[in-house]
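Trainee: Could you walk me through this protein and its ligand, one step at a time? I would like to learn how to read it.

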Amino acid sequence: MTERIDDNAFAAKCRLFLDANAERLDAASATLEDSDAIPVFDSPERSEEEAQLAVARDWQRALFDAGLAWIDGPTDYGGAGLAHHHQEVFDEMCAQYRLPKLNTLFVTFHIVLPGLLAAASDDLKRRLVPALLRGDLIACQLFSEPGAGSDLSAVSTRAVRAEGGAVWVATGQKVWTSGGHYSDIGLLLARTSDDDVPHRRLTMFVVDMHDPAIEVRPLREMSGGAHFNEVFIDGLHIQDSCRVGDVNGGWRVAMATLGGERKAVGYSSDAPNWVVVQRLLELARTAAHRGQIAASVVDAVVRCYVLGSAIEHTAANLAAAERRGDTRGPEMSTLKLLRNRLLRDCIDTAGHILGMNMLADSGERGTYAWGYASTLAPGLRIGGGTDEIQKNIIGERLLGLPRDR
Ligand SMILES: Cc1cc2nc3c(=O)[nH]c(=O)nc-3n(C[C@H](O)[C@H](O)[C@H](O)COP(=O)(O)OP(=O)(O)OC[C@H]3O[C@@H](n4cnc5c(N)ncnc54)[C@H](O)[C@@H]3O)c2cc1C
């Protein structure tokens, strides 16, 4: 139920909270960032990651306790039960403050929560959603396997019923599990049937990542970080009450989670976006002042600016449509593809300006940050559905072209 609250009183409450918990940006500091990082996604060293996680948990706890973690969400699941425009008021105010990085909670909020909200039982939602919103629980996504990525219907981790049906026993291996090493729970997609139709073979569960039947092993990336893991599951007991959605109905839940992820990548301020273009403009202006920029590179910079502007406008239009209740699905694939393209073009153009300076970390602002981003950027073309899969979605669902298979 939507609670009635005076708009001015609500705005005053938000202001009080933000003043107490975050640093207000003045006009100068709002544009001048301390860091020269290119916003791709973060893959920090473990110690830095732990510090980010602690800050993110503290922030969520404060937000939740002030009733601001999910302003327009239902009170039964930890929301504040207010109208959507209250959420907008708070979001607009947040833009005036330096807020903590919440990368470590991306999977929790944008992948696992949408899946639970779409399909979990009332009891499971009441148990888990408030704890996730408060940062008391952190979640990971246990979908991909060595033999199943783009084609999730090929998942081979098995869950079989035991003890008269009250419990399932799961065994198998997952891979590329972002944040699995600091997660408390995981959303596990497992094979539960041998139905002729692959999409009817899967069931979704919530599992306890601290269970001794689960082993998490880190995977080192070319960026130097280790935000991915392999997860080995050996005889894990899962209560049937932790099933999310129907038996053999896991495909629908998986699609709900992937929709949430695409939406977040499409709209997210952490997505490769306008900031990347601004960093490129900063670099190009400096090079131009030194007389070190070729005409062909100026062309490339302008092309990046134009593409970036088009993406920003498209994202704003899609977000406005979504707010009106006009839910968009396949359009998000367009945005994800374009954002990846923009990031690649900006990094390539920066490389033409910086040359060898992009390769070694000399400490000079705006140089190696581009080299580091180039080690992370390919991951964005793969995670959340590869570029090729996005093109299939656009072809089939937006353009009505023949199915891939
Ligand atoms: C940054 C990042 C974070 C991730 N986090 C997680 C996570 O937390 N949890 C999780 O479960 N997984 C995660 N993943 C894994 C990710 O979901 C998979 O890597 C992705 O789905 C692709 O699967 P794959 O790697 O097995 O490649 P494959 O599916 O084997 O694809 C290999 C190549 O074939 C192409 N291809 C495949 N099928 C088709 C088709 N039908 N048409 C055209 N081309 C096709 C692909 O585009 C790709 O180029 C993450 C990946 C990345 C990069």
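Mentor: Gladly! Keep in mind that this is a predicted model. Let's begin at the ligand, where a polar side-chain atom of Thr386 lies 2.6 Å from an oxygen atom of the ligand. Taken alone, the ligand exposes 980 Å², and the share of that buried by the protein is 69%.

Trainee: Which side chains place a polar atom by a nitrogen atom of the ligand?

Mentor: For Ser178, the distance from a polar side-chain atom to a ligand nitrogen is 2.8 Å. A distance of 3.0 Å to a nitrogen atom of the ligand is found for a polar side-chain atom of Asn392. So, with a polar contact defined as a pair of N or O atoms within 3.5 Å, the names to remember are Ser178 and Asn392.

Trainee: Which helix gives the largest share of the shell around the ligand?

Mentor: Start with the make-up of that shell: 6 nonpolar, 10 polar and 3 charged residues. Among the 19 residues around the ligand, those that come nearest are Ser144, Ser150, Trp176, Thr386 and Glu388. The largest share of the shell is 3 residues, and they come from helix H12.

Trainee: Is Asp184 buried or exposed?

Mentor: Asp184 sits in the loop between strand S5 and strand S6. Its side chain makes a polar contact with the side chain of His210, at 2.8 Å. The relative accessible area of Asp184 is 13%, and buried means under 20%. Therefore Asp184 is buried.

Trainee: Which residue forms a salt bridge with Asp65?

Mentor: Here is the idea behind it: side chains of opposite charge can pair when their charged atoms come close. In this pair the closest N and O atoms are 2.9 Å apart. The pair links distant parts of the chain, 69 residues apart, with Asp65 in helix H3 and its partner in the loop between helix H6 and strand S3. That partner is Arg134.

Trainee: Is Asp65 buried or exposed?

Mentor: Asp65 has a relative accessibility of 52%. The cut-off for exposed is over 50%, so Asp65 counts as exposed.

Trainee: How is Val298 classed by its accessibility?

Mentor: Val298 is found in helix H9. Together with Val302, Tyr305 and Val306, Val298 makes a nonpolar surface patch of about 330 Å². Its relative accessibility is 37%, which lies between the 20% and 50% cut-offs. So Val298 counts as partly exposed.

Definitions and conventions:
Residues numbered from 1 in each chain as written. Predicted model: local features only at pLDDT ≥ 70, side-chain atom pairs only at ≥ 80, totals over all residues. Heavy atoms only, no water. Patch = residues over 30% accessible without salt bridge, like charges linked within 9 Å, V, L, I, M, F, W, Y side chains within 5 Å. Areas by Shrake-Rupley, 256 points an atom, 1.4 Å probe, with all protein chains shown as cover. Salt bridge = Lys/Arg side-chain N within 4 Å of Asp/Glu carboxyl O. Helix = DSSP H or I, 4+ residues; strand = E, 2+ residues; numbered from the N terminus. Buried < 20%, exposed > 50% of the residue type's maximum accessible area, 1.4 Å probe, protein only. Near = heavy atom within 4 Å. Polar contact = N/O pair within 3.5 Å; in protein donor to acceptor, adjacent residues only side chain to side chain. Nonpolar A, V, L, I, M, F, W, Y, C, P; charged D, E, K, R; others polar.
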